[in-house]
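Open the structure in your viewer and keep the selection panel at hand. We will go from one selection to the next.

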Amino acid sequence: MDYLLESQIRGLVQGCVRRSDPERKIWRDSLTGFAQIDDRPFDRLRTWAGEGHLLPDDILPGAESVISFFIPFTEEVTCSNNEGTMASKDWGETYVRTRDLIEEIGFEITSILEAGGFNCGVHQERYDSTVKDLVSPWSHRHIAWLCGLGSFGRNNLLITEAGCSGRLGSLVTDAPLSTTPMPEAEYCIEKQGGSCGVCIGRCAKGALTEEDYDRYSCREQCLDNAANLKGEDLMDVCGKCLTKLPCTFRVPVFSR
Ligand code: B12
Ligand code: SF4
Ligand code: SF4
């Protein structure tokens, strides 16, 4: 187990975030988790996330470990999306900037691991193939969960120690990294047996309901926002179901 390598990777992710946003206006401190493949049930990904889901070995033959990171948005960015039914411009722009930052972090991690004699593989999202059924063959949420970064919320999103407002990235390597412990309990209040559901009330489109989550309807709302925001990049976002919640910025407090 190479603890030095893990702290280097954590430092690198955080360094990229700070370099891209020295004034801390966009992103809070990043979280990074690791899983050695034999330590966690990666082979069950196809059961949980669908037959077509890739295994780490499909991305990098000989893969030993997976790295996942979460880049949380600041209160300023997140709260800009609190009011109304349409997404804020700040939210849309931050989503796009974070996508680029995640790509940059992937390159940087790859170069330090390659310098140490290891290989890395990153799943290249081909959005065209996702659009048809809106299901990716590489679920960052499942990967982050297996890397101990958090647990699933009623809103379908991964809730981390820094809440659910942010974006995830992940990559695969043949470096043997030590596995981050899983959270000791569920983070979502409802999943702990409490009563909450604030996220459901936030979805004016009705895509997230008591019964279900309709990704096609959610996608429609994201495209309406893209048409409304009209940027250089497609800002197909919404995110109402992850803002103004008890789990937006932190693990929600639940008392029985
Ligand atoms: C396609 C896509 C969309 C589509 C379809 C969404 C869908 N399929 O659910 C549309 C455009 C509608 C969409 C909407 C949104 N998206 Co989107 N989307 C993706 C993308 C590219 C693929 C998702 C996917 O198909 N995964 C494969 C399927 C099988 O797994 P899954 O979606 O991860 O979902 C599973 C879990 O929720 C899981 N689950 C729920 N509870 C539990 C409990 C347990 C124990 C387990 C094992 C699993 C589990 O079950 C689901 C099905 O199996 C990912 C990036 C990626 N590659 O992961 C981003 C991603 C999921 N999106 C993200 C976000 C933030 C959004 C939006 C808020 C839009 C926005 N940015 O403003 C909404 C949120 C909708 C919601 N409440 O889930 C983030 C989520 C971050 C987080 N904290 O979790 C991701 C990870 C992007 C990123 N890089 O960070 N998205
Ligand atoms: S708002 Fe409440 S029910 Fe929804 S994900 Fe957060 S803690 Fe869970
Ligand atoms: S992203 Fe918007 S439309 Fe989709 S489930 Fe969340 S609140 Fe509803």
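Predicted model: local features only at pLDDT ≥ 70, side-chain atom pairs only at ≥ 80, totals over all residues.

Around ligand 3 you will find R202, C203, K205, A207, L208, C218, Q221, C238, G239, K240 and C241.

Next, the largest nonpolar core. It has 66 residues. Which of its residues touch the most other members? Select V66, I67, F70, A144, C147, L158 and I159. Then colour the elements that each supply at least two residues of this core: α1 (3-20), β1 (31-36), β2 (65-72), α5 (89-115), α7 (140-146), β5 (158-160), β6 (166-173) and α9 (215-229). The largest share, 7 residues, comes from α5.

Stop at F70 before moving on. Beyond its neighbours within four places in sequence, F70 is in contact with S30, L31, A144, L149, T160, A162, G166 and L168.

Now select α5. This helix has 27 residues. From first C-alpha to last it reaches 39 Å, close to the 39 Å expected at 1.5 Å a residue.

Which residues of α5 are buried? Show W91, G92, T94, Y95, T98, L101, I102, I105, G106, I109 and L113. An α-helix has 3.6 residues a turn, so residues three or four places apart point the same way. Keep that in mind as you look along the helix.

What covers these buried residues? The cover includes α1, β2, α4 (75-79), β3 (120-121), β6 and α9.

Finish past the end of α5, at G117. Its phi is positive, near 90°.

Conventions: Residues numbered from 1 in each chain as written. Chains lettered and ligands numbered in written order. Core = buried A, V, L, I, M, F, W, Y, C linked by C-beta atoms within 7 Å. Buried ≥ 20, exposed ≤ 12 C-beta atoms within 10 Å, placed from the backbone. Helix = DSSP H or I, 4+ residues; strand = E, 2+ residues; numbered from the N terminus. Contact = placed C-beta atoms within 7 Å. Near = placed C-beta within 6 Å. Expected span 1.5 Å × (residues − 1).
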